[in-house]
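Hi everyone, thanks for making time for me today.

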Amino acid sequence: MRRMLTIALAAVMLLPACAQSSKPVKTLVTYFSATGTTKMAAQRLANQHSATLWEIEPAQPYTAADLDWRNDQSRSSLEMKDPDERPTIKQCTDITPYDTIYVGFPIWWGICPRIINSWLDNNLEQLQSKTLIPFATSGSSGIEEAEDYLKKTYPTLNWQKGMLLNRR
Ligand SMILES: Cc1cc2nc3c(=O)[nH]c(=O)nc-3n(C[C@H](O)[C@H](O)[C@H](O)COP(=O)(O)O)c2cc1C
């Protein structure tokens, strides 16, 4: 018995390091960006983590008029007033290979734009087994309200601490 154990142990020790270690974590950085700021933050993050970068693009792009937060009838204002609004996304994402997913967005009215809900809803089943890290850019707001909103709206997902990536 002892001899068999010794042989088994020796066999494990002789395995190449890659065969012994668990499979490497695969990371996706996905983001929505209306005017390019979050896109730059996402690119930096993807470089830092050797991650795949994926842009969440609306089927109907946002015009400058759509983004006018001073107009309470603009597209973004109307979307943000309706918690059930889910703007259509141009292409779906294959998230199967990824363990950790950074989800980035500009802060709109304190929280994430509704297109982030569209993306989360579209992928909800598969997201249950992933680790999610929100990140955002903003004019001045923090990310805390957006984090609270995401945790409350998607309580079954594994949310980690979020990051505000405004450049100083
Ligand atoms: C409709 C709308 C609402 C916004 N609401 C906020 C807000 O509540 N707080 C804030 O600090 N910035 C707000 N901003 C500013 C954006 O969060 C900021 O400019 C962001 O960096 C833009 O990112 P993007 O270029 O990736 O779209 C808002 C911008 C828009 C268009």
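First, some ground rules. This is a predicted model, where local features need pLDDT of at least 70, side-chain atom pairs count only at pLDDT 80 or more, and totals for chains, interfaces and linings use all residues. Residues are numbered from 1 along each chain as its sequence is written.

pLDDT is the predictor's confidence in each residue, from 0 to 100. The chain averages 91, and 86% of the residues score at least 70. Please be careful with residues 14-20, though: pLDDT stays under 50 there.

Now the overall picture. The chain has seven helices and six strands; these are DSSP runs numbered from the N terminus, with helices being H or I of at least four residues and strands being E of at least two. Along the sequence, the pattern reads α-α-β-α-β-α-β-α-α-β-α-β-β.

Let's look at strand β3, residues 100-106. How many of its seven residues are buried? Six of them are. By "buried" I mean that 20 or more other C-beta atoms lie within 10 Å of the residue's own; exposed means 12 or fewer, partly exposed is in between, and the C-beta atoms are placed from the backbone. Over the chain, which has 168 residues, 27% count as buried.

Strand β3 also has partners, and two strands pair if DSSP finds at least two bridges between them. With β1 (residues 27-31), β3 pairs in the parallel sense over five bridges, and with β4 the pairing is parallel over seven bridges. You can follow this through Gly-104 of β3: Gly-104 is the bridge partner of Tyr-31, and Phe-135 is the partner of Gly-104 in β4.

Next, the inside. A nonpolar core here is a set of buried Ala, Val, Leu, Ile, Met, Phe, Trp, Tyr and Cys residues joined through C-beta atoms within 7 Å. The largest one has 28 residues, and Val-29, Leu-45, Tyr-102, Ile-116 and Ala-146 touch the most other members. Elements giving two or more residues to this core are β1, α3, β3, α5, β4 and α7.

Ile-116 is one of the buried residues of helix α5 (residues 114-122), and those buried residues pack against α4 and β3. A contact means two C-beta atoms, placed from the backbone, within 7 Å. Leaving out residues up to four places away in sequence, Ile-116 touches Phe-32, Val-103 and Phe-105.

Now two loop residues. Pro-87 is in the loop between α4 and β3, and Lys-130 is in the one between α6 and β4. Buried or partly exposed: what is Lys-130? Lys-130 counts as partly exposed because it has 17 C-beta neighbours inside 10 Å. Pro-87 has 20, so Pro-87 counts as buried. The C-alpha atoms of Pro-87 and Ala-59 are separated by 7.9 Å, although the two residues are 28 apart along the chain.
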